[in-house]
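Try each task on the structure before you read on.

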Amino acid sequence: QIAIEMRLADLHEKKRGDKREAADALLRVLQRSPKDDAVLGRAVDLLVGGGEHARAASAIARTVSVPWR
């Protein structure tokens, strides 16, 4: 499933120029592999590039845990 979503992200970004759909595919990958920093970075870049700053921040917040003292 991860490989399919990664391929979809590539197709949406490179062939269709659709940053939102590419980011959505990558966010689905993150649901299955939340510690993949490369996927998170790419998704955030696509979201920010598409003007979706709140969604980018939300994606970061969901995947980054901060220990409280």
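**Exercise 1.** Classify Arg55 by its relative accessible area, then find its salt-bridge partner and say where the two residues sit.

*Solution.* Remember throughout that this is a predicted model.
- Step 1: Arg55 has a relative accessible area of 29%. Buried means under 20% and exposed means over 50%, so Arg55 is partly exposed.
- Step 2: The side chain of Arg55 meets that of Asp24 in a salt bridge, at 2.4 Å from N to O.
- Step 3: This pair links distant parts of the chain, with Arg55 in helix H4 and Asp24 in helix H2, 31 residues apart.
- Step 4: Now apply the cut-off to the partner: Asp24 has a relative accessible area of 18%, so Asp24 is buried.

**Exercise 2.** Describe the surroundings of Glu52: where is this residue placed, is Glu52 buried or exposed, and which residues does Glu52 touch?

*Solution.* 
- Step 1: Glu52 lies in the loop between helix H3 (37–49) and helix H4 (53–63).
- Step 2: Its relative accessible area is 15%, which is under 20%, so Glu52 is buried.
- Step 3: Leaving out residues up to four places away in sequence, Glu52 touches Arg20 and Leu47.
- Step 4: With Arg20, the side chain of Glu52 forms a salt bridge (3.0 Å, N to O). The pair links distant parts of the chain, since Arg20 belongs to helix H2 (residues 19–32) and is 32 residues from Glu52.
- Step 5: Arg20 counts as partly exposed, at 48% relative accessibility.
- Step 6: The side chain of Glu52 also makes a polar contact with the side chain of Arg55, at 3.0 Å.

**Exercise 3.** How many salt bridges does the structure hold, and which residues does a network of shared partners join?

*Solution.* 
- Step 1: There are 8 salt bridges in the structure.
- Step 2: One of them pairs Asp10 with Arg42, whose closest N and O atoms are 2.7 Å apart. Asp10 is in helix H1 and Arg42 in helix H3, so this pair links distant parts of the chain, 32 residues apart.
- Step 3: Both residues count as partly exposed, Asp10 at 23% relative accessibility and Arg42 at 22%.
- Step 4: The Arg55–Asp24 pair of the first exercise links H4 and H2. Elsewhere, salt bridges that share partners join Asp10, Glu13, Lys14 and Arg42 into one network.

**Exercise 4.** Work out which residues of H3 are buried, what they pack against, and what is found at the ends of the helix.

*Solution.* 
- Step 1: H3 has 13 residues and spans 18 Å from first to last C-alpha, close to the 18 Å expected at 1.5 Å a residue.
- Step 2: Its buried residues are Val39, Leu40, Ala43, Val44, Leu46 and Leu47. Viewed down the axis of H3, the buried residues fall within an arc of 165 degrees, so they line one face of the helix.
- Step 3: The buried residues of H3 pack against H1, H2 and H4. The face turned away from this buried side carries the exposed residues Asp37, Ala38 and Asp45.
- Step 4: Asp36 caps the N-terminal end of H3, with a side-chain oxygen 3.2 Å from the backbone nitrogen of Ala38. Just after H3, Gly51 has a positive phi of about 80 degrees.

Notes:
Residues are numbered from 1 along each chain as its sequence is written. This is a predicted model: local features need pLDDT of at least 70, side-chain atom pairs count only at pLDDT 80 or more; totals for chains, interfaces and linings use all residues. Side-chain values use heavy atoms; hydrogens and water are left out. Helices (H or I, at least four residues) and strands (E, at least two) are DSSP runs, numbered from the N terminus. Buried means under 20% relative accessible area, exposed over 50%, partly exposed in between (1.4 Å probe, protein chains only). A polar contact is a pair of N or O atoms within 3.5 Å; within protein, one must be able to donate a hydrogen and the other to accept it, and residues adjacent in sequence count only if both atoms are side-chain atoms. Contact means heavy atoms within 4.5 Å. A salt bridge is a side-chain nitrogen of Lys or Arg within 4 Å of a carboxyl oxygen of Asp or Glu. The expected span of a helix is 1.5 Å times one less than its number of residues. The arc is that of the directions from the helix axis to the C-beta atoms.
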